[in-house]
Amino acid sequence: MVSYFAASDSEILMLPLGRMLFDGSNHNETNRRLMCNIVSILADNNTRLIEKTEILCKKTLRGKIMAYLEQEARYNGSDKFTIPFNRTDLANYLDADRSALTRELARMRADGLISFEKNTFEILEHSHTE
């Protein structure tokens, strides 16, 4: 069982996917396009979940932080990028305590691994192992 909560008032569109898949109605171009979009969204979500699992499997908080930042650098095509999280959200994403995250970020900056201003980061030295 899965529950979802909307952050604001929303309208929900319920789609009869079973009927769309099995009754031949996907011969219409709109239904085909819709199914392609759904499969694409599911594939993207699966990829993100696998990547998050790889991050959370790191043994240390520093390892989790570097794995996340290196992943964001790859997505942005640059070692300097802005993340979509504030400190509290990043701590939640990494399954870490916010104060521990803040201390580790400061240590990583002092060690010359990263630089940052608010949620804009630059990787100065990539990790090779955890």
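How many residues apart in helix α2 are Glu29 and Arg32? They are three residues apart, and because of this spacing within helix α2 (residues 29-56) about one helical turn separates them. The model shown in these views is predicted.

View 1. Glu29 counts as exposed, with a relative accessibility of 54%, whereas Arg32, at 40%, counts as partly exposed. This bridge belongs to a structure that holds four salt bridges.

**View 2. A salt bridge joins the side chains of Glu104 and Arg62.** The N to O distance here is 2.6 Å. Because Glu104 lies in helix α5 (residues 98-110) and Arg62 in helix α3 (residues 61-76), the pair ties together parts that are 42 residues apart in sequence. Glu104 counts as buried at 11% relative accessibility, while Arg62 counts as partly exposed at 25%.

**View 3. Arg62 also forms a salt bridge with Asp111.** In this pair the closest N and O atoms are 2.9 Å apart. Distant parts of the chain are linked, since Arg62 sits in helix α3 and Asp111 in the loop between α5 and β2 (114-117), 49 residues apart. Asp111, at 48% relative accessibility, counts as partly exposed. Through salt bridges that share partners, Arg62, Glu104, Arg107 and Asp111 are joined into one network.

**View 4. The second largest pocket is lined by Tyr4, Ile12, Met14 and Leu15.** The space in this pocket amounts to about 190 Å³, and its lining consists of four nonpolar residues, with no polar and no charged ones.

Terms used: Residues are numbered from 1 along each chain as its sequence is written. This is a predicted model: local features need pLDDT of at least 70, side-chain atom pairs count only at pLDDT 80 or more; totals for chains, interfaces and linings use all residues. Side-chain values use heavy atoms; hydrogens and water are left out. On a 1 Å grid over the protein atoms alone, a cavity is a set of points where a 1.4 Å probe fits but cannot get out, and a pocket is an open set with protein on both sides within 12 Å along at least five of seven lines; lining residues have an atom within 4 Å of a point. Grid points are joined across faces, edges and corners, and a volume is the space filled by probe spheres set on the points. Ala, Val, Leu, Ile, Met, Phe, Trp, Tyr, Cys and Pro count as nonpolar, Asp, Glu, Lys and Arg as charged, and the others, Gly among them, as polar. Helices (H or I, at least four residues) and strands (E, at least two) are DSSP runs, numbered from the N terminus. Buried means under 20% relative accessible area, exposed over 50%, partly exposed in between (1.4 Å probe, protein chains only).
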